[in-house]
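Subject: Structure for your review

Dear colleague,

Please find below the structure that I am handing over to you. I would ask you to look at it first and then to read the notes that follow.

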Amino acid sequence: ARPEPSRGARETMSPLLALLPLALLAAPARAEETRSACDWLQAAGAEAVLGAGTRLTPRIDRVDGAARFSVCLAEAPSGATLTLLRRSDPGETRPVAALVAAYRAELAQAIGADPDLTPVDLGDAALWFAQMKQLTVWSHGGEVLMVFSALAPAAQAQESALAQAILGAGG
């Protein structure tokens, strides 16, 4: 039996799952993706960023042809939680700028206002959404989309460190 997520984990998942349709719409991916979101967080050293004893729990892992959609929940003993949604789709052909524009438009429609998004120097494009403590990163020419969402005072620093490590590892 899969353990029930903690209250903090459920709170982290809620905003992320609310924006799940946006990630599917604004996403892209990488040829022959074999690693899950949990595999990428482990490779990125999630324990070094979130604390020793951090537990990684797969939430969604779906493969459709060459495309893969995966969600992993990281829970630290301190109670800090982080969720990584990672989508890879080698069939994505839209330019990264178009993907970012679609994301901005869909997010504005979802929240009913122009989102206050801050560009971040990661991957091909990245945006920080402070209101949701969420970092969205596009890489590999738009074929990979990663969405990090954390409940922690240092969410932006933690999410950025993990994104940088994943990108450095080829993800």
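On one side of α5, A97 and Q109 are exposed. Please bear in mind that this is a predicted model. The buried residues of α5 are V96, L99, V100, A102, Y103 and L107. Seen down the axis of the helix, these buried residues fall within an arc of 160°, so they line one face of α5.

After the helix comes G112, which has a positive phi near 80°.

**The sheet**

Seven strands form an open sheet with antiparallel pairing, in the order β1-β2-β3-β7-β6-β5-β4. Because β1 (55-64) and β4 (117-119) stand at the edges with a single partner strand each, one side of each is left without a neighbour in the sheet. From one strand to the next, the twist averages 15°.

R62 stands opposite F69 in β2. The hairpin of these two strands has two residues between them, and G65 takes a positive phi near 65° there.

β4 pairs with β5 (residues 125-129) in the antiparallel sense, over three bridges. Here L117 has F129 of β5 as its bridge partner. Helix α5 packs on the sheet, where it touches β4, β5 and β6 (134-139), and its direction makes about 20° with that of β5. Helix α6 (residues 155-168) also packs on the sheet, touching β3 (81-88), β5, β6 and β7 (144-151); the direction of α6 makes about 150° with that of β7.

**The nonpolar cores**

Which residues of the largest nonpolar core touch the most other members? They are L41, L82, L135, V137, M146, F148 and I166, out of 28 residues in that core. Two or more residues come from each of α3 (37-43), α4 (46-50), β2, β3, β5, β6, β7 and α6. Helix α6 gives the largest share, five residues.

F148 touches, among others, L41, L82, L135, V137 and I166. There is also a second, separate core of 15 residues, which includes F69, L85, L117 and L127.

Yours sincerely

Definitions and conventions
Residues are numbered from 1 along each chain as its sequence is written. This is a predicted model: local features need pLDDT of at least 70, side-chain atom pairs count only at pLDDT 80 or more; totals for chains, interfaces and linings use all residues. Side-chain values use heavy atoms; hydrogens and water are left out. Buried means under 20% relative accessible area, exposed over 50%, partly exposed in between (1.4 Å probe, protein chains only). Helices (H or I, at least four residues) and strands (E, at least two) are DSSP runs, numbered from the N terminus. The arc is that of the directions from the helix axis to the C-beta atoms. Two strands pair if DSSP finds at least two bridges between them. Axes are lines fitted to C-alpha atoms, for helices over the stretch in contact, and angles run from 0 to 180 degrees between N-to-C directions. Contact means heavy atoms within 4.5 Å. A nonpolar core is a set of buried Ala, Val, Leu, Ile, Met, Phe, Trp, Tyr and Cys residues joined through side-chain atoms within 4.5 Å. Lists of a residue's contacts leave out its neighbours within four places in sequence.
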